[in-house]
Structures are given as C-alpha cells and as structure tokens.
Amino acid sequence: MPKPYQTHIGSFTRKSTFFWAAVGATVGLANLWQFPYLASLHGGGLFILLYLACLLLVTLPLMVTEAAIGRYARHGIVLAMDGLIRSAKQSRAWMAVGRLSILAAFLVLSFTAVFGAIALAYVFFGALGRFSGAGEPEATGILAGLVSDPKAYRVFMGWHVFFLLLVLWVSAQGVVKGLERALRVVVPGALVLMLVLFALAAWHGRVDGAIDHILAMHPEDLSWESLKAALFHAFFTLGLGMGVWAILGSYTTSHTRLKRSILAVVLMDTLVAILAGLMIFAIATDGNSFDGERGFSLLFVSMPVTLAQLPASQFVIAAVFLLVVLIVWTTSLNLLEPIVGWFREWTGAPRKLSVLLIGLAVWLAGLASLLSFNVWAEQRVGGATLFRWLELVTGGLLIPLVAILVALFTGWCLTRHLSGTMLGAAPRLFAGIWFWVMRLVLPLVVAWIGVQYTAFSLANLCSNGNAAAWCERPASLLSEVDEAPSNDRSPAGTPAQSDEQAEGDRATPAADQKSPEKDESGGKPGEKAPKQDDILYHSV
C-alpha cells in the first residue's frame with residue numbers, strides 16, 4: 001500500500017473536463033432559488049452587472065488562487081498547502097487552511113445530500129401526479145409529509161440513502177471512469193434540459209414579464225443593500241473555501257488554460273442563473289406571482305403548484321425536479337472529491353474503500369440535518385436546531401475563515417517569485433490586480449461577509465423568542481442588524497428557506513420574507529413544513 005504523502009490520486013484525460021467539472025461545482029440550487037429573487041428585488045439587469053463586477057474583482061482571484069494551488073502541487077488542498085509551507089519556510093500552523101477546508105466540504109456535503117433527497121423524491125411525486133390540482137396548502141402538506149413528519153422520517157431517510165448511493169457509485173469508479181465520464185455527460189445534459197424547460201416556459205408563459213424582472217434596468221431598486229446581496233451571492237455560490245477548486249486544479253491536464261477556463265465557468269454560472277430566473281418568472285401565471293419568494297417556499301411549494309397548471313404537468317414537474325437532482329448531484333460529486341482525495345493521500349487507502357468510508361461518515365452526519373427537520377425538530381440549542389448550527393458554522397465561520405487564510409497566505413507569505421510561478425503566465429495587469437486583491441481586498445471583504453452572515457443569523461434566532469445571551473443586547477443594535485439586509489433578506493439566509501438563500505439573501509434579513517410554509521388553516525400539516533428561516537444560505 002502506498003505511504004501517505006506519496007499517493008497519486010488521479011487526473012483528467014481531456015482539457016475540457018475541468019470546465020464541465022467546474023460548471024457542475026458552481027451551478028447549484030442558489031442559481032434556481034436565490035439569484036432570480038435577488039435580481040428581481042435589486043434592479044434587474046443592473047444587479048446582474050453589479051454581481052458580475054463582484055465576481056470578477058473579488059471572488060474570481062480567489063477561485064484562480066485555489067485552483068492554481070492544486071495545479072502547482074498536483075495534490076489536494078492539504079498536501080498542496082504542506083508543500084507551499086515548506087517551500088516558503090512558513091509556520092506549520094498554516095496547515096489549518098487545508099484541514100478546515102476539508103471539514104467545511106464535509107459539513108456542506110452532509111446537508112446538501114439532504115436537499116438532493118428531497119429533489120429526488122419530488123421527481124417521483126411529480127411523475128405520479130401528486131401535485132395534480134394541488135394548491136399551496138396541499139403542496140405545503142406534501143413537503144411537510146416528506147420532510148417534517150416525525151412518523152415518516154424513515155421514508156425521508158430512504159430517499160437520503162438513495163441519493164447518496166447515486167453519488168458514491170460514480171465516485172467509486174475513479175477520477176476518469178467515474179467523475180470525468182459522468183460530468184462530461186451530466187453537466188451538458190442538465191444544461192440542455194434547462195434550455196428545453198426554458199423554451200417550454202417561454203411558450204406557455206410570459207417572457208415579457210420575466211425579462212422585466214430579470215433583465216430590465218430598474219435603477220430605482222438599486223441601493224447599498226444591492227451591493228451587499230451581490231457580494232454575498234458572488235462569494236457563496238462558487239464553492240469557495242472547501243478545497244473543491246484545488247482538487248479540480250490538481251486534476252487538470254498540462255495543456256488546460258486554467259485562468260481562461262475559470263473565467264468561462266464564472267460567465268456560464270451567471271448565464272445559467274439568468275436563464276433560470278427567466279424560466280421561473282416566465283411560468284408565473286400573472287407575471288409576478290413569485291415576487292419575494294425563494295428557497296424552500298419557491299422550489300418545493302410555489303413551483304409545483306404553478307407547474308401543475310401547464311399541459312402534461314406530470315411530465316413537466318418530473319423534468320424540472322430531475323434538473324434539480326442533476327444540479328445537486330454534480331455539486332455533491334464535486335464536494336465529495338476533495339474529501340476522498342485528502343483521505344487517500346493521508347492513509348494511502350484504495351479509492352473504493354475511501355469512498356465507502358467517507359460516504360458512511362457523510363450519511364451519518366447528514367442524519368443530524370435530516371432529523372433536525374422532524375424527530376429532533378424540538379431539540380434546540382440557543383434557539384436553533386442542529387442543522388441550523390451546522391449551516392451557520394460552515395457559512396458564517398469555516399468557509400469565510402478558509403478564504404481569508406488562503407488570501408493572507410498567498411498574499412503575504414509566499415514570495416513574489418513563488419506566487420508568480422504558481423499563478424502561471426498572466427498579463428501584468430491581471431497579476432497586479434490579483435496580488436493586491438489577495439493581500440488587502442479579499443481578506444477585508446470576506447471578513448465582513450462572515451461577520452454579517454453570523455450576526456444576522458444569530459439575530460434572526462431572537463425573533464423566535466430565543467432567550468440566548470446575544471438576544472439581550474440593546475434593541476437598537478438588534479434592529480440595525482435586522483434592517484441592514486432588509487432588502488435582500490439577510491447575509492446568510494435563514495435555515496428554513498434554503499442554504500443557498502442565505503448565500504445571497506443573507507446579506508439582508510428575512511424581515512419581509514414570505515413564508516408559504518406557514519399554513520393559515522391552523523393545525524394542518526403545512527405548519528410543520530420547513531420554514532423560510534430554517535435554512536441559511538450557503539453553497540449548495
């Protein structure tokens with residue numbers, strides 16, 4: 001058996017595979033349930049331009065850095081940092097960067113698989129006609145029956161296992177026969193399916209209303225909150241801080257143009273988000289029925305109800321949620337890879353065994369989130385379920401901390417020659433911008449994002465009558481935190497809505513969030529469905 005630190009964990013065979021894998025890593029649920037809401041709320045096309053600026057000037061340099069670290073070292077993030085630390089003769093304390101990123105990827109994957117399980121179940125629910133003639137109360141009851149019913153949690157666990165097996169089976173085949181083959185087929189297939197669904201939505205819906213929401217310029221809606229929302233979404237939607245880009249970079253072929261590919265990925269991610277927004281608003285029956293909706297309420301309640309009104313609704317609903325499954329599945333594959341790569345480099349274990357052991361650990365960790373929606377729903381610490389704390393720790397602490405440490409290490413600890421070698425050939429202007437962004441801009445911006453994300457999330461708990469210590473602060477301070485993101489819903493998002501929602505939404509509190517899950521009929525099942533504030537933002 002190979003010794004630790006000597007394991008060759010694989011590589012792609014085609015240069016375009018990096019692009020497809022990276023698109024699969026960046027296109028997540030936030031593109032469906034968060035971006036359309038933010039664009040419609042913050043100026044439409046102007047918000048898109050603002051978002052692109054945040055991507056190109058702030059988060060793109062970090063993406064390039066993480067991928068360049070992996071490509072330079074030809075290892076996952078942990079051993080890559082180990083090599084750079086030795087080369088730069090820096091403190092071994094910097095090894096925390098790699099280890100924290102693996103922990104973040106593990107935690108995010110654990111609850112991402114739970115969302116995948118819900119989407120997978122909805123494919124079958126749609127195909128079997130469970131949403132035919134359903135209104136909002138019925139759709140909310142279906143969601144609650146799957147996710148929140150303490151008596152039926154084993155069924156939910158079955159869907160969870162089903163989804164995880166789909167992810168683990170592909171990963172166990174290896175980097176080339178599994179990951180590369182799957183991503184080169186599934187990611188383009190998902191994009192084609194999205195185009196077909198968009199064409200269907202345009203045919204039966206109102207494209208003019210969708211364009212007005214997403215692409216038309218509305219300068220009156222642009223504000224300081226818009227910039228905050230754009231920064232949050234740009235940071236959380238790209239899978240940063242979890243070792244994903246480092247492992248993908250280590251797998252690239254020698255003739256892959258890394259920086260050009262990453263730029264193409266960023267533009268593709270934005271294009272998909274715009275297309276998703278147009279599709280969602282086009283199918284709205286009155287042109288604005290999805291106003292103010294995102295996350296769980298949009299994807300698992302409002303969307304099925306609206307789609308049920310279209311011809312051949314069973315097929316359409318099944319196809320939409322098949323698209324959601326493919327998106328979460330490719331995201332999960334990419335989140336699993338840095339963990340498996342680290343485990344193999346650490347232990348020298350064969351891939352199939354590594355995937356099996358990591359998969360078992362992810363399943364067990366995922367149960368904590370899954371059961372937080374039903375059996376353990378009333379078991380709260382500081383006013384929050386275990387799932388909510390996991391989301392808060394990853395989104396508010398681990399991911400921002402890793403991003404800050406990567407920026408500080410590459411900007412201040414590496415010599416200009418070593419960082420230039422790692423970055424590779426680049427125009428002088430790009431290299432100069434990259435250097436100062438990593439040194440100064442990124443650490444400050446990401447630290448602000450992490451603090452805002454955490455502050456909003458903790459303040460949001462107080463709205464549920466929580467008696468935690470932080471709820472005792474002056475009312476003026478609490479209102480300031482709650483109102484800061486008021487336009488966008490909050491820096492990190494709140495747990496019951498969606499991890500992704502928090503990503504861009506958490507830049508604004510959930511003060512004006514609608515909560516379709518709250519059934520007006522008193523004690524009906526809908527009341528037990530995940531609430532708008534039960535799921536933070538994040539990078540699903």
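Me: Residues are called buried under 20% relative accessible area, exposed over 50%, and partly exposed in between (1.4 Å probe, protein chains only). Which class does Thr454 fall into?

Reply: This is a predicted model, in which local features need pLDDT of at least 70, side-chain atom pairs count only at pLDDT 80 or more, and totals for chains, interfaces and linings use all residues. Residues are numbered from 1 along each chain as its sequence is written, and side-chain values use heavy atoms, without hydrogens and water. Thr454 has a relative accessibility of 24%, so Thr454 counts as partly exposed.

Me: Which helix holds Thr454?

Reply: Helices (H or I, at least four residues) and strands (E, at least two) are DSSP runs, numbered from the N terminus. The protein has 21 helices and 2 strands. The run covering residues 428-462, with Thr454 in it, is α19.

Me: Leaving aside neighbours within four places in sequence, which residues are in contact with Thr454?

Reply: Contact means heavy atoms within 4.5 Å. From Thr454 to Gly396 the C-alpha to C-alpha distance is 5.0 Å, although 58 residues separate them in sequence. With neighbours within four places left aside, the contacts of Thr454 are Leu392 and Gly396.

Me: What share of the contacts with a separation of 6 or more joins residues 24 or more positions apart?

Reply: The protein has 540 residues, and 64% of them are buried. Among its contacts with a separation of 6 or more, the share from residues 24 or more positions apart is 80%.

Me: What is the volume of the largest cavity?

Reply: On a 1 Å grid over the protein atoms alone, a cavity is a set of points where a 1.4 Å probe fits but cannot get out, a pocket is an open set with protein on both sides within 12 Å along at least five of seven lines, and lining residues have an atom within 4 Å of a point. Points are joined across faces, edges and corners, and a volume is the space filled by probe spheres set on them. The count is 5 cavities of 30 Å³ or more. For the largest cavity, the volume is about 100 Å³.

Me: Which elements give two or more residues to the lining of the largest cavity?

Reply: Residues lining the largest cavity include Val23, Gly24, Val187, Ala190, Leu323 and Leu326. The elements that contribute two or more residues to this lining are α1 (17-26), α9 (175-204) and α15 (313-347).

Me: Which helix supplies the largest share of the lining of the second largest pocket?

Reply: The second largest pocket holds about 160 Å³ of space. Its lining has 13 residues, with Arg71, Lys259, Met422, Leu423 and Gly424 lying nearest the centre. At least two lining residues come from each of α4 (45-73), α13 (258-282) and α18 (416-423). The largest share, 4 residues, comes from α4.

Me: How many residues apart in sequence are the parts tied together by Arg351 and Glu337?

Reply: The closest N and O atoms of the salt bridge between Arg351 and Glu337 are 2.8 Å apart. Arg351 is in helix α16 (residues 351-372) and Glu337 in helix α15, so the pair ties together parts whose separation in sequence is 14 residues.

Me: Which helix contains both Lys228 and Glu225?

Reply: Lys228 and Glu225 form a salt bridge, the closest N and O atoms being 3.3 Å apart. Lys228 is buried at 3% relative accessibility, and Glu225 is buried at 13%. They lie 3 residues apart, about one turn, and both are in helix α11.

Me: Where does Lys89, with its positive phi, lie?

Reply: Most residues other than glycine have a negative phi. Lys89 has a positive phi, near 55°, and is exposed, with a relative accessible area of 73%. The place of Lys89 is in the loop between α5 and α6.

Me: What is the relative accessible area of Ala312?

Reply: Ala312 also has a positive phi, near 50°. Ala312 is in the loop between α14 (295-307) and α15. Ala312 counts as exposed because its relative accessible area is 56%.

Definitions and conventions. Salt bridge = Lys/Arg side-chain N within 4 Å of Asp/Glu carboxyl O.
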